[in-house]
Amino acid sequence: MDMAVSSVTNLGRSGVYDWMVQRVSAYVLALYTIFLLGFMLTTDVTYDAWAGLFGQTWFRIFSLGTLIALGGHAWVGLWTVTTDYIKATALRFLIQAACGATMFVYVVWGIQILWGL
């Protein structure tokens, strides 16, 4: 009989899914960082240049994807750390809930900033 351990607070349905979220999101974050570093090194970064970059739809979508990737990456990492080091179930749940609520607020706030909603 196959008995799988599951948790209602992890992001994926399995460790493999969480591993994939962590790896894919890391690549998205790395690409975004490399792009921004390249932009800043090759451009005279003024308000107009920065506003021009963020005024382009493709870059807003790239930034939104990066923001979502950051949320997923952070959640998997925090879930792993809290699951490994906080053994008291109620305390772990409260800390995970606080982290999840904070990340949700940051993602919504980021969407408002990017799209002016």
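In the protein chain, residues 24 or more positions apart account for 63% of the contacts (heavy atoms within 4.5 Å) with a separation of 6 or more. The model is predicted: local features need pLDDT of at least 70, side-chain atom pairs count only at pLDDT 80 or more, and totals for chains, interfaces and linings use all residues. Residues are numbered from 1 along each chain as its sequence is written, and side-chain values use heavy atoms, with hydrogens and water left out.

**Exercise 1. Describe the fold and the buried share of the chain.**

Step 1. Count the elements. The protein chain has 4 helices and 0 strands. Both kinds are DSSP runs numbered from the N terminus: helices are H or I with at least four residues, strands E with at least two.

Step 2. Read along the sequence. The pattern is α-α-α-α.

Step 3. Take the burial. Of the 117 residues, 26% count as buried. Buried means under 20% relative accessible area, exposed over 50%, and partly exposed in between, with a 1.4 Å probe and protein chains only.

**Exercise 2. Check the spans of α1 and α3 against expectation.**

Step 1. Set the rule. The expected span is 1.5 Å times one less than the number of residues.

Step 2. Apply it to α1. Its 28 residues should span 40 Å, and the end C-alpha atoms are 40 Å apart, so the two agree.

Step 3. Apply it to α3. Its 29 residues should span 42 Å; the end C-alpha atoms are 42 Å apart, which agrees.

**Exercise 3. Find what α1 and α3 bury, and the partners of those residues.**

Step 1. List α1. Its buried residues include D18, V21, Q22 and S25. The buried residues of α1 pack against α2 (47-54) and α3.

Step 2. List α3. Among its buried residues are F59, S63, W75 and W79. The buried residues of α3 pack against α1, α2 and α4.

Step 3. Look at W75, in helix α3. W75 counts as buried because its relative accessible area is 13%.

**Exercise 4. Identify the largest nonpolar core.**

Step 1. Define it. A nonpolar core is a set of buried Ala, Val, Leu, Ile, Met, Phe, Trp, Tyr and Cys residues joined through side-chain atoms within 4.5 Å.

Step 2. Name the members. The largest core has 5 residues: Y32, L36, F39, L53 and F59. α1 gives the most to this core, with 3 residues.

Step 3. Follow L36. Not counting residues up to four places away in sequence, L36 touches W50, L53 and F59.

Step 4. In soluble globular proteins, nonpolar side chains tend to be buried together.

**Exercise 5. Work out the surroundings of R92.**

Step 1. Classify R92. Its relative accessibility is 19%, so R92 counts as buried.

Step 2. Find its contacts. R92 touches T82, T83, I86 and K87, not counting residues up to four places away in sequence.

Step 3. The C-alpha atoms of R92 and W79 are separated by 9.1 Å, and the two residues are 13 residues apart along the chain.
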